[in-house]
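User: Please take me through this model, and for each term you apply, set the value against its definition before you conclude.

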Amino acid sequence: MDRSAAPQAASPARRSPATAPPPPPARSEVESLQAYSAPLEGRRGLLRLDFNENTVGPSPKVVEAIRAIPADEYAIYPEYDGLREAVLASLMATSGTIAADAPSTEPAAEQPGRRPSLRSEQVGLFNGVDAAIHALFQAYGAPGDRLLTTSPTFGYYTPCARMQGMAIEAIPYRMPGFGFPFEEILAALTTAPAGADGSWRPPRLLLLCNPNNPTGTRLAPEAVLALAAAAPHTLVVVDELYEAFTGDSVLPLLLAPGGRHDPEGQKPGDASVRAADVAASPETASPETAALPTAAPADPFASCPNLLVLRSLSKTAGIAGLRIGFAIGAAAVVDRVSRVTGPYDINSFAVSAAFAALADQAYVDAFVAEVLAARQWLVERLVAAGVRHHVDGGNYLLIWPQRPAAAVDQALREAGILVRSMAGKPLIDGSLRVSLGTLEQMGRFWDAFVVCDARPV
Ligand SMILES: Cc1ncc(COP(=O)(O)O)c(C=O)c1O
């Protein structure tokens, strides 16, 4: 380029760094936020029991599918055709029924009567469940709105609420035993606190992690549905990332033939909140759900359009590094949450891996079975050695070492094993969260733990 011919644009006066103004501030909520940080570096080559990942990697079919992607596909934007349908077919197969949009394998005459069926618009695709969480806060959380959740729970809900300027109410699990605080959550959802003025509104969002990370607390799916029915103006999000290890999902109830789900007949709840009110709620009803009779809903979310379920392939299928997660709910809610994402947020590798992973449920089932056997084996050791521990749902458990947790954490790291310190977390300060892998891996962990905690056997 002939520089002499370039137009002489008025160049900004160069200032010395000392006199340069500071960079423009971000939104006030962001200025007061600390980046969400987790000790994610330097983990390669170690036994990683610190992030509840699948400890053996994905199915060979996933590896094959990734290797088969031709290089010229790297150059084009990803395509998502058929992925939602594959997710629903998998969800409905693992929940004991058949997707409306999935190719039917049964002759029509043999299909049982009317059963609730998910449609592809009811599945949102995200760059991991983290991205779904971020998006749902962006879509629903406004400054001054309230997030209701439990404590301690998954760490990413709080920064997402803070970046929206939301107030956070975190209700502790019940001790001893980390029981779910059902009555307290129900009251916080439905009842203005004493002294509140007439402007009290229910929380905008309720985040339930089921089973809870890190306490493993399991909440019956009927209780989740009862909470959703009691608070039709609250978006109730149930993060089911670890449900495969325990089976506590709302989906089998919602997808049961004949729509067995009946929020009115279940659990404590506000009897004045009826399924019809939920479907008719102006904030949550979608045209299609509003038009359906509630007695035999074809849409599994017809009676709970304010419920959103989160699922991921990170922990079970072993593709946490590729990032893909799903949000399942009323089409209107999935649409709102999807509005705040970019058009190509999920990359082509994740898409190919997801198709292959979803088609190989047997691989996931075998890993889950291995984890459950390893859990049993480890718990027997912990009990026999008198180690304080807490185990419930999920592919992880909590251990309180007899030496300071930080020292045991460090000693395990030096022995090549990573676990996660729960230092500073309410109710579980001083514990280590240990992810569960195979029997062989838990054997390695136990041998090292006994030495690092200097515990006689
Ligand atoms: C409860 C919970 N939700 C969501 C996530 C994020 O999952 P993903 O890998 O799909 O983003 C995690 C990851 O640890 C988690 O524990």
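Predicted model: local features only at pLDDT ≥ 70, side-chain atom pairs only at ≥ 80, totals over all residues.

Analyst: Two strands count as paired if DSSP finds at least two bridges between them, and strands themselves are DSSP runs of E with at least two residues, just as helices are runs of H or I with at least four residues, both numbered from the N terminus. By that rule strand 3 (residues 146-151) and strand 5 (residues 205-209) pair, because two bridges join them, and they run parallel. Within this pair, Leu147 stands opposite Leu205 in strand 5.

User: What is the average pLDDT of the chain, and where is the pLDDT below 50?

Analyst: Since pLDDT is the predictor's confidence in each residue, from 0 to 100, the chain average is 87, and 84% of the residues score at least 70. The pLDDT is below 50 over residues 105-112, a stretch that has two contacts in the model beyond near neighbours in sequence, where a contact means that the C-beta atoms of two residues, placed from the backbone, lie within 7 Å. Residues 264-297 also stay under 50, and for them the model has 75 contacts beyond four places in sequence.

User: What makes strand 2 and strand 4 the edge strands?

Analyst: The open sheet has seven strands in the order 2-8-7-6-5-3-4, with mixed pairing. Strand 2 (123-126) and strand 4 (167-172) are its edges, as each pairs on one side only. On average, neighbouring strands of this sheet are turned by 20° against each other, direction ignored.

User: Why do strand 9 and strand 12 stand at the edges of their sheet?

Analyst: The four strands of that open sheet have the order 9-10-13-12 and pair antiparallel. Strand 9 (388-390) and strand 12 (420-421) each have a single partner strand, so one side of each is left without a neighbour in the sheet. Strand 9 pairs with strand 10 (residues 396-400) over three bridges in the antiparallel sense, and His389 stands opposite Ile399 in strand 10.

User: Why is helix 4 called roughly perpendicular to helix 11?

Analyst: Axes are lines fitted to C-alpha atoms, for helices over the stretch in contact, and angles run from 0 to 180 degrees between N-to-C directions. The axes of helix 4 and helix 11 (residues 331-339) come within 8 Å and cross at roughly 95°. Angles of 65 to 115 degrees count as roughly perpendicular, those under 35 as roughly parallel, those over 145 as roughly antiparallel and the rest as oblique, so helix 4 is roughly perpendicular to helix 11. At this contact, Ala132, Ala135, Leu136 and Ala139 in helix 4 meet Arg336, Val337 and Arg339 in helix 11.

Terms used
Residues numbered from 1 in each chain as written.
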